[in-house]
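Welcome, and thanks for taking a look at this model with us. Below is a short briefing on one helix and the sheet beside it in the discussion.

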Amino acid sequence: MGPLVSLLLLLLTPAAVPAHGQVHVQSSRGDTGLVPALRLRTEQADNAAQYAGYQVLRVNVDNNGTLDLLRTYEDRPGVDFWTPISPLVPTVDVMVSPDVRSELTRRLKDSGGSYGVNIGNVQDAIVHQNPIPSPFYLELLEGRQGYQLTWKAYHRLAVHHQYMDYVEHEYRGLCSTFSVGISTEGRNIKGIRCGLGEREIWIDGGIHAREWISPAVVSYLVKDFSATSYKEQDILKAFTIYMIPVLNPDGYEYTHTGRRMWRKTRSRTPGSSCVGADPNRNFGYHWGEAGTSTNPCSDVYPGSRPFSEPETRGVRDFLLQHKNKMEMYISFHSYSQMLFVPYGHGTERPSDYDELLRVAQKGAAALQAAGGPAFRVGQASRLLYAASGGSDDWAKAKANIKYSFTFELRDKGFNGFLLPSSLIEQSGRETAAAVKAMIRAIL
C-alpha cells in the first residue's frame, strides 16, 4: 500500500466521538475536528496584478508636520491608509503605488521625516497569504466531514454559508441559521444561533470586507459553540449566541473577485460613480461626525444617510427586536491588537465604563493566557482615533445593550490586512478564550 493511499484511508476513517455533556448535541457524522491538508495550492485572484509594485510604508509621525504631509494624500489614487492619520499613535501604515511611493518618500526625506517598509511587495503578500486546499482535497474533506471550511485557509462566502448549514443540520436542538436581510447585490446576510438560554449575545465579523481574519475567527467561534459545546455548558445553558461571520457579503466577495483591499459595501451612491459606504460609519449614532468623509470615494464615507445600507439596517432591526434580551454585542475587525469599549465617537464615557472595562480586561487577559499577544484595552477615541457612526457605539447607546465591544485582531502591522492563513487557528483559539471569559464575567 503506497503512502498516498494510506493517507487517504486515514482521512476517510471516522475519528472517535468525544464524551459529551448534557448540552452538547452530537453530530451524526461523529468527529468534526480539523483534518490535515493533503496538499495546498495558492489561489491568486486576478486582482493581484492591481497591486504589483505597491508597498506598505510605516511612517513615523513624531511631529505635526508629518501628519499634515500625510493628510495631503488622503483620498488620492494610489494611496490607501491602513491605519488612521492620528496624533494618538506614533506611526501610520499606508499602502502606496510605485509612483506615489517615490514622491512620498522624497517629501518625507526633504521634511526630515522617516519611514520603514512593512510589506515590500503587496502583490506577493496577497499571493502568499492564502494557500488553500486543492479542489480534489476539498471534495475529500466535504465527503468526510460535510463541509469544506477549514481554519487553515480563508474561504469564500458560499463556504461560510455551507458550514453554517452543516452546523444547523448536525447540531439540531442547539443551533439554527437565521438571516437579517439581503445585501445590495442580493446575497443573504446569514448567521447562526447556538444556545439554549433566554439571555442573548450578538457576535459579528466581516463588516469591513478586506479584514479576512474576522470572518475566520467568527467561524471558529461557531465551531466552539457547536462541535465542542460540551465544554461550554454554563454559557450555552444561560445564553443564545447569534453569530454572523460575514456581515458585508458583497464587499467580502469583491475582495476575492475584484479588489483585495476593498473595505466598503457595494451600494450605488446617487450622483457619484464611486461605490459603497463604510458600514461601520453608517450606524445612526453621531453619524457623519469624527472619522468620516463626505467624499463618496473615501473609504470612510458614511453613506448618504444613517442606515442607508441594507447590511446595517438588518442589524439595527434585528437588535431592536431583541432589545430586552440582548446583553452583549461583539464586533470583530483587524488590525491593531486592541479591544475597544464605548464610546468611539469622542472621549465621552458611558456611566458604566468601569464595568465595561472590567469585562474587557478579563477578555484581554484570557487571550494572552491562551498564548496570544497583549491587547490594549480602552476607548478607540483615546487609543487610536475617533470614529463616529460605529456599530458598537450605536449598540450601546440606542439598542441599550449593556456590554458592547469591538476587537481589532492580529497583527500590529507586519502583515496588516494580509495576515497569513497559517495564523487563523491560533487567532481563533486565543479569541475564543477571550470571548468565553467575557461572557463568563457577566454570568
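Two strands count as paired here if DSSP finds at least two bridges between them. With that in mind, this predicted model has four strands that form an open sheet in the order β3-β4-β2-β5, with antiparallel pairing. Helix α3 is the other topic of this briefing, and its buried residues are covered in part by β2, β3, β4 and β5.

**The sheet**

- At the edges of the sheet are β3 and β5, each of which pairs on one side only.
- From one strand to the next, the twist averages 30 degrees.
- Strands β2 and β5 run antiparallel and are joined by four bridges.
- Across from Arg58 you will find Gly116 in β5.

**Helix α3**

- Helix α3 spans residues 98-110, which makes 13 residues.
- From its first C-alpha to its last, α3 reaches 18 Å, close to the 18 Å expected at 1.5 Å a residue.

- Which residues of α3 are buried? They are Val100, Leu104, Thr105 and Leu108.
- Seen down the axis of α3, these buried residues fall within an arc of 120 degrees, so they line one face of the helix.
- The face turned away from that buried side carries Asp99, Lys109 and Asp110, which are exposed.
- Besides β2 (55-60), β3 (79-81), β4 (91-96) and β5 (115-119), the cover over the buried residues of α3 includes the helix α2 (64-71).

Terms used
Residues numbered from 1 in each chain as written. Predicted model: local features only at pLDDT ≥ 70, side-chain atom pairs only at ≥ 80, totals over all residues. Heavy atoms only, no water. Helix = DSSP H or I, 4+ residues; strand = E, 2+ residues; numbered from the N terminus. Expected span 1.5 Å × (residues − 1). Buried < 20%, exposed > 50% of the residue type's maximum accessible area, 1.4 Å probe, protein only. Arc of directions from axis to C-beta. Contact = heavy atoms within 4.5 Å. Axes fitted to C-alpha atoms, helices over the stretch in contact; angles between N-to-C directions.
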